[in-house]
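Trainee: Could we go through this structure together? I would like to start with the packing.

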Amino acid sequence: MADPNGFLKIEREGLKSRSVTERLKDYNEIYIRPDEDVIVNQASRCMDCGVPFCNSGCPLGNLIPDFNDAVYQQDWHKAFLFLSETNNFPEFTGRICPAPCEAACVLGIHTSPVTIENIEKQIIEHAFAQGWVQANNCRVESGKNIAVIGSGPAGLAAAEQLNKAGHRITVFERNEKPGGLLRYGIPDF
Ligand code: SF4
């Protein structure tokens with residue numbers, strides 16, 4: 001588990017925003033990427049609860065105590081593998097999910113919850129930087145062809161899961177470019 005006393009020593013530290021004057025000049029992301037040691041410290045606050053309500057609070061069932069522990073151990077690849085077990089696209093859930101996991105975090109009963117969403121985001125950013133995020137070719141092909149209509153988050157997640165199951169997938173999209181809500185609904189910042 002992460003540091004058993006971490007939550008007693010470390011306070012919650014959320015993301016810091018870029019200044020408004022800077023943000024007026026572009027549409028880049030609002031938040032500043034924190035230093036790695038900040039994230040490791042934040043992961044150390046996880047109590048590895050016997051009944052991790054964060055896990056049931058997450059609609060995806062993310063393995064939150066497991067990836068928190070891996071981040072605390074600074075084993076980012078292991079953290080990435082835990083995260084990938086349940087989440088097709090942490091690069092955007094880590095940014096725009098309303099984080100019901102944090103609302104459910106047991107630590108939040110008496111103090112501030114673990115910064116789960118930001119830890120998730122930093123794991124996937126780390127994974128992209130290290131080149132760990134790769135297309136997965138299925139090992140056994142089912143011989144079945146499946147059409148997925150729409151390339152929004154649901155369509156792409158379905159396509160990835162079906163691809164993992166060995167099917168050949170074609171994603172159809174009515175717009176000029178793929179992404180659906182991701183491309184046309186969510187602003188860059
Ligand atoms: S509920 Fe909070 S403290 Fe408990 S395991 Fe989940 S993230 Fe850690």
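This is a predicted model: local features need pLDDT of at least 70, side-chain atom pairs count only at pLDDT 80 or more; totals for chains, interfaces and linings use all residues.

Trainee: Which residues touch the most other members of the largest nonpolar core?

Mentor: V71 is one of them, together with A43, F67, A79, I116 and I123; the core has 30 residues. Two or more of its residues come from each of helix 3 (36–43), helix 5, helix 6 (76–86) and helix 9 (116–130).

Trainee: Which residues of helix 3 are buried?

Mentor: I39, V40, N41, Q42 and A43 are buried in helix 3.

Trainee: And what do they pack against?

Mentor: The buried residues of helix 3 pack against helix 5 and helix 9.

Trainee: Turning to the ligand, which residues come nearest?

Mentor: C46, C49, P52, C54 and C105 do, out of 15 residues around the ligand. Helix 4 (53–57) and helix 5 (64–72) are the elements that give two or more residues to that shell.

Trainee: Which helix gives the most?

Mentor: Helix 5 does, with three residues.

Trainee: What is the make-up of the shell by class?

Mentor: The shell around the ligand has 13 nonpolar residues, one polar and one charged.

Trainee: Last topic: what does the domain assignment give?

Mentor: The assignment gives domain 1 (6–130) and domain 2 (145–184). Taken over C-alpha atoms, the centres of domain 1 and domain 2 are separated by 27 Å.

Methods
Residues are numbered from 1 along each chain as its sequence is written. A residue is near a molecule or strand if its C-beta atom, placed from the backbone, lies within 6 Å of it. Helices (H or I, at least four residues) and strands (E, at least two) are DSSP runs, numbered from the N terminus. Ala, Val, Leu, Ile, Met, Phe, Trp, Tyr, Cys and Pro count as nonpolar, Asp, Glu, Lys and Arg as charged, and the others, Gly among them, as polar. A nonpolar core is a set of buried Ala, Val, Leu, Ile, Met, Phe, Trp, Tyr and Cys residues joined through C-beta atoms within 7 Å. A residue is buried if 20 or more other C-beta atoms lie within 10 Å of its own, exposed if 12 or fewer, and partly exposed in between; C-beta atoms are placed from the backbone. Domain bounds come from an automatic or database domain assignment. Two residues are in contact if their C-beta atoms, placed from the backbone, lie within 7 Å.
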